[in-house]
Every structure is written in C-alpha cells, then in structure tokens.
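The following note sets out numbered points for a colleague who is examining this model. Each point treats one topic and may be checked against the coordinates.

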Amino acid sequence: MEPTSRVPIVRVPGGAADDVVAVEEPLEIRVADKPVAVTMRTPGDDEDLAAGFLLTEGIIQTASDIESIRHWGSPNVVRVSLREGVRLDYARLQRNFYATSSCGICGKSSIDALRVFTTPVESDVRVGDLSEMAASLRLQQKSFDATGAIHGAGAFNAEGAVLRVREDIGRHNAVDKVLGSLLRAGERADVLLISGRASFEVVQKCVVARVPVIAAVGAPSSLAVELAREYNVTLAGFLRDGRFNIYCGAQRIR
C-alpha cells in the first residue's frame, strides 16, 4: 500500500486535473489473538507503528518482549507475538480505544495512569541547534511535499544527526513509528521533533520512551506543558525561522 494516491479533481480556475492526496486506512493492532487498538494511519512502517504503540501504551517494556511482528491476513492488520514468559497487563489491554488520525488518547485521567508505570526523565544531555534539526526533518518529508497533509516526526542525537524520520496522517502515529523503529533497533533518541503542534499524547509517548527533549514546529497545548514539566522533559514550540519558545527544561538546550 502506498502512502499517497492520485485522484481526479476540478481546479477553480483551471478545470479538470489530478491531485495527490494522503492515504488514510485503518490499522488493527493485535497482541496474539486479542485486538488491542484500531488507529487511522498512513500505510507504511506498520511494524514500527505497532511496536511504538505497544511501548508507549505500557503494554511492553523492551524490544526483547517482542517475538515477531507481521501483517495478519490483511495489509490493515498487524499481529504481534510476545516472547514466552512475558506477562501481559490484561487490564491495560482491555482499555481498547479508537484512535483517530487527529487525536490519539488524551486527558488528565491519562496523566494519572502514566504515574502508575513510569517516572520523570533523568537526563543531563545538552542538545545543539534545533533549527538545523527542523530543516533536516523538513528535507525528508517527501509525502508532505506531495500532499501537504502528512505530519512528520524525526529522532535526533544531541549533535543533531538524524536517526529516523517517519510520516503519517496522524502525528501520534508518526511518533509511534519513530519510537518503534528505535526500539526494534536498540537505539534511543535525545530529541524528538514533530512538524505540527505539541499535543499531550506526543509528550506522553516521549515520557514512556525516555526522550528528554521534544521540539515542535507548532504550538504546545496546556496539558502538554503540564505533563512535560511534571516529568522533567524539555519542551520547545513554534520552531521556525531560527526562533522558538522553550516552555520547560531550558537547561538542556545549548
């Protein structure tokens, strides 16, 4: 399945033409035979998305918890098999939800749930030029260039080297794809940069994945700032034209 599709349109003015749009399809994530979630996503990197989702929802703790990930009878179903001996939190598995491409899961009740299984991020890393990282991310957003409708997420080390870039119609999916890819490769990011706004669910995912610095081209929400402050995460927003605002954790930015 391709991340973009060409459709006929009528341009005003101009008449009949073709346009490229972002593909949006449901992905069902299963753990063994149990459906865990359905998310609307842009096809591609589905295995990374599933791994990242399970990590950031607290269903798995490390890459070694996963035995295999593969599509299961459909390009829109991914089945995750866990290593023998891994114990599942069935109460968490029962928290099935439908994650739209614009939201994910959010709310103060989720902060309470987060406190149960994680702690503030401890890191004395100091990162380099966020503006250069934003430029690097933008250069690799190929699907956005074609459609103007897809979010990008990029993982960087402290020196600004690109570790991963992923795109998706849902910003939380793009983040899960990046974090899942890093998890499966045994790597960790110092900075996660997103092309849109900094929402609660993005900060939540980075807290669980222990990413100390988050930067966004757009604005943060009040709940994102609250969560970043509580969990000792550096949060920057409005990253554009060489300028940005730091909402918390300024000591990590050189």
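1. Helices α1 and α6 are roughly perpendicular to each other, a class that covers angles of 65 to 115 degrees, whereas angles under 35 count as roughly parallel, over 145 as roughly antiparallel and the rest as oblique. Their axes cross at roughly 90 degrees and come within 6 Å. Axes here are lines fitted to C-alpha atoms, for helices over the stretch in contact, and angles run from 0 to 180 degrees between N-to-C directions. Helices (H or I, at least four residues) and strands (E, at least two) are DSSP runs numbered from the N terminus.

2. This is a predicted model, in which local features need pLDDT of at least 70 and side-chain atom pairs count only at pLDDT 80 or more, while totals for chains, interfaces and linings use all residues. Residues are numbered from 1 along each chain as its sequence is written, and side-chain values use heavy atoms, with hydrogens and water left out.

3. Which residues bring α1 and α6 together? From α1, the residues E47, D48, L49, A51, G52, F53, L55 and T56 meet N173, D176, K177, L179, G180, S181, L183 and R184 of α6, where contact means heavy atoms within 4.5 Å.

4. Helix α1 spans residues 46-56 and is largely enclosed by the rest of the structure, because 10 of its 11 residues are buried. Buried means under 20% relative accessible area, exposed means over 50%, and partly exposed lies in between (1.4 Å probe, protein chains only). The buried residues are D46, D48, L49, A50, A51, G52, F53, L54, L55 and T56. After the helix comes G58, with a positive phi near 80 degrees.

5. D45 belongs to the loop that connects β4 (34-41) with α1. With a relative accessible area of 34%, D45 is partly exposed. Leaving aside residues up to four places away in sequence, D45 touches R166 and K177. The C-alpha atoms of D45 and A174 are separated by 9.5 Å, although these residues are 129 apart along the chain.

6. An open sheet comprises 6 strands in the order β9-β8-β10-β11-β12-β13, and its pairing is mixed. Its edge strands, each pairing on one side only, are β9 (162-168) and β13 (243-248). On average, neighbouring strands of this sheet are turned by 20 degrees against each other, direction ignored. Helix α6 (residues 171-185) packs on the sheet and touches β8, β9 and β10. The direction of α6 makes about 140 degrees with that of β9. Two strands pair if DSSP finds at least two bridges between them.

7. Within the sheet, β8 (residues 151-156) and β10 (residues 191-194) pair in the antiparallel sense over 4 bridges. The bridge partner of G154 in β10 is L193.

8. How many bridges join β12 to β13? Strand β12 (residues 234-240) is joined to β13 by 4 bridges, and the two run antiparallel. A236 has I246 as its bridge partner in β13. Together β12 and β13 form a hairpin with 2 residues between them.

9. D241 lies in the loop between β12 and β13 and has a positive phi of about 55 degrees although it is not a glycine. At 66% relative accessibility, D241 counts as exposed. F238 is found in strand β12; its phi is near 55 degrees, likewise a positive value in a residue other than glycine. F238 counts as partly exposed, at 35% relative accessibility.

10. V12 and P13 are joined by a cis peptide bond, with omega about -5 degrees. P13 sits in the loop between β1 (4-11) and β2 (15-22).

11. The charged end of R79 sits over the ring of W72, 4.5 Å from its centre. The criterion is that NZ of Lys or CZ of Arg is within 6 Å of the ring centre and within 35 degrees of the ring normal.

12. For the chain as a whole, the secondary structure comes to 8 helices and 13 strands. Of its 254 residues, 50% count as buried. Among contacts between residues at least 6 apart in sequence, 53% join residues at least 24 apart.
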